[in-house]
Amino acid sequence: MTGRIDARDTDADRLIRDVLDRKGKAGFIITAGAGSGKTTSLVKALAHVTATRRTQLRARTQRIACITYTEVAAAEIHGDVHDDPLVYVSTIHSFLWDAVAPFQSDIGAWIKRQLAGKLDELGGKIDKAKAPTKRDALTQDRARYQRQLDGLHSVRKFTYSVGPDYGRGQVGHADVLKMVPRMLLEQPLLAKVIATRFPIVFVDESQDTEEDVVASLIHMYRTVKSDFCLGFFGDPMQQIYPTGIGQVPAEPDWALINKPENFRSSRRVLEVVNRVRAAADGNKQTPGRPDELTPEGHAYFIVLPADADRVASMDAVRRWLAHRTSSDAWSADGPDGVKILVAMHKLAARRLGFANLHAAFHPKNPPALATAFIEGTAWPITPFANVILPLCDASNDNAALRILRKHSGLIRDDLAGAGVVRERLTSARQALTELRGLVAAAGPGSVGKTLRFAHHARLIDPVPQLARYLDPDGPHSDQVLSEKAREVLDAFMTCDVHELQGYLRYVSRQSPYSTQHATKGAEFPRVIVLLDDSEGVLPAYSYDKLLGLAELSQTDRENKANGKDTTVERSRRLLYVCVSRAREELAVIVYADNVEAAILSLKVSGLADEPLTLTDLTNDLNGDPSIT
């Protein structure tokens, strides 16, 4: 176990242990605000169970399931429990697939129903289509789905992959989230099997877990007769994905546990965190450390005119912050410097050199690929991130063979026969030389040239949808590409491959800029948060609406009247996640068309008492002759 186990117990930790020590069925929901040590409570709960029930669980060949949101979080918890085999830690996708994988006939039946539904849907669209070209395209898609349905007869085993390829027995990410919850609701045997294998299930980041998944787990809790404990760890205020459930509904016998402490933020930063949260649920966080160990810190709100030069104004703010706090770290971009949080808009893309790439994934009415682009998981980019760019990095020469073994069918598949391995390795070396030449040449359209070559040379194994796009008549010709996905891919192919380097630095947190989504769960010594709707904020968010500087849309008004989520609530949660990343120092920069109106709004809303302007900063800097 790690240092988290030795952390001082909070009231929440003790209440969780009380629930875990109960006989029979038990459940709890822990609401843990930002910086409260939610992961610490989760790890301490795992340690308590492994210490008190190890013999019993081993005798019954049972384990504790801990469901996390990302692979990174899963790896962190694995390390915290020293890879204890009694603890099964996985992402939600992997957990659901592992649970359902033995039920192969049920998987096949679900896929068959999905394809039959698609065929019926397309049949109706074909009947209504008036334009011959539209009718032909729909007819071709229907034929592709029919080939997938026909291919099910020869599938011997279904497997889990990034994207679906039903005719070859591959189930995708999105399928798992739809299929398994439905099966849990409809098949009592599956629920019983899961509860028998995992008599204790913890769900981390519960607020961003899909509603259907949460509903199916609660249904399992209600229906199983054996001893079973279900625990949710999260915070509705930190829900930043639209598919997340937010507040988990509690069963009558569950314990509702609040963890109000904040062990992360300085006093000034925590004051801002509480002000942002106040209008949402009124839950106020308290310093978790003794007074003498809680730094005072700094926190500022700065309002800049929307027509200000973004580069010059940002540089001025960073110089002023360094001057005011006596810390040159505000001007540094390294790991000990400043982290600048943006809503994945054009500012970061322009500053880091991937504006065209950003535009390609954000057409009008952007598809799901836009969200994946924000998260760094878009499947068109994966071949570059995992294979192409690493292979073209000279520092990875010693790892080239390992990369190819993992991602390339050229030296992995069908290697039987004399001299085949030698021949394939020779081909790989030749292809690698040409690939590096294409990447080095770069220029407009180099993404398409590089990707097509890598696919043709079998250096990559793209997901079926991308393989279908790159080779329409190839083995994956039965895949169906939506018009929106094709539009994104067409634009992506015209981009410069060099833009990918800046983008990958961005999503891997190696640049000073980052998105609120990418920094979920992270913390930094000093943070700048940019509130700037003019830079193309995501459609689901509007800081101007949050501050009352823009009117609510008709949809927002209707949602508000019906008790549904609105742009204002989503934007407030996003701002809460942003400001709570800061440990010591924080600056919130608002770009506004009307500076005076923005200042008044910040004061009236209670977010800031004395917002600063560019004039304030300039006068302060000019008053100190040592500042240049």
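Me: Into which domains is the chain divided?
Reply: In this predicted model, the chain is divided into domain 1, made of 4–101 and 179–259, domain 2, made of 269–343 and 516–623, and domain 3, which covers 352–508.

Me: And how far apart do the C-alpha centres of domain 1 and domain 3 lie?
Reply: The C-alpha centres of those two domains, domain 1 and domain 3, are 37 Å apart.

Me: OK, on to the sheet. What order do the six strands have?
Reply: The order is E3-E2-E6-E7-E1-E8, in an open sheet with parallel pairing. Strand E3 (87–91) and strand E8 (255–259) are the edge strands, each pairing on one side only, and the twist from one strand to the next averages 15°.

Me: Which helix packs on the sheet, and which strands does it touch?
Reply: Helix H3, residues 38–59, packs there and touches strand E1 (25–32), strand E2 (64–68), E3, E6, E7 and E8, while its direction makes about 160° with that of E2.

Me: Over how many bridges do E6 and E7 pair?
Reply: Strand E6 (residues 200–203) and strand E7 (residues 228–234) pair over four bridges in the parallel sense, and Ile-200 has Cys-229 in E7 as its bridge partner.

Me: Switching to helices: at what angle do H12 and H27 pack?
Reply: Helix H12 (residues 310–325) packs against helix H27 (residues 614–622) at an angle of about 55°, with the axes 10 Å apart, and the two helices, H12 and H27, are therefore oblique to each other. The crossing in which H12 passes H27 is left-handed.

Me: Which residues make that contact?
Reply: From H12 come Ala-316, Val-317, Arg-319, Trp-320, His-323 and Arg-324, and from H27 come Leu-614, Leu-617, Asp-620 and Leu-621. The residues of this contact of H12 with H27 divide into six nonpolar, one polar and three charged.

Me: What about H18 and H19, how are they oriented to each other, and why?
Reply: Helix H18 (residues 420–441) and helix H19 (residues 446–456) pack at about 170°, their axes being 9 Å apart; because angles over 145 degrees count as roughly antiparallel, that is how H18 and H19 are described.

Me: Which residues of H18 meet which in H19?
Reply: In H18, Ala-431, Glu-434, Leu-435, Leu-438 and Val-439 meet Lys-449, Thr-450, Phe-453 and Ala-454 in H19, and the residues of the contact of H18 with H19 divide into six nonpolar, one polar and two charged.

How values were computed. Residues are numbered from 1 along each chain as its sequence is written. This is a predicted model: local features need pLDDT of at least 70, side-chain atom pairs count only at pLDDT 80 or more; totals for chains, interfaces and linings use all residues. Side-chain values use heavy atoms; hydrogens and water are left out. Domain bounds come from an automatic or database domain assignment. Two strands pair if DSSP finds at least two bridges between them. Axes are lines fitted to C-alpha atoms, for helices over the stretch in contact, and angles run from 0 to 180 degrees between N-to-C directions. Contact means heavy atoms within 4.5 Å. Angles under 35 degrees count as roughly parallel, over 145 as roughly antiparallel, 65 to 115 as roughly perpendicular and the rest as oblique. A crossing is left-handed if the near helix is turned anticlockwise from the far one by less than a right angle, and right-handed if clockwise. Ala, Val, Leu, Ile, Met, Phe, Trp, Tyr, Cys and Pro count as nonpolar, Asp, Glu, Lys and Arg as charged, and the others, Gly among them, as polar.
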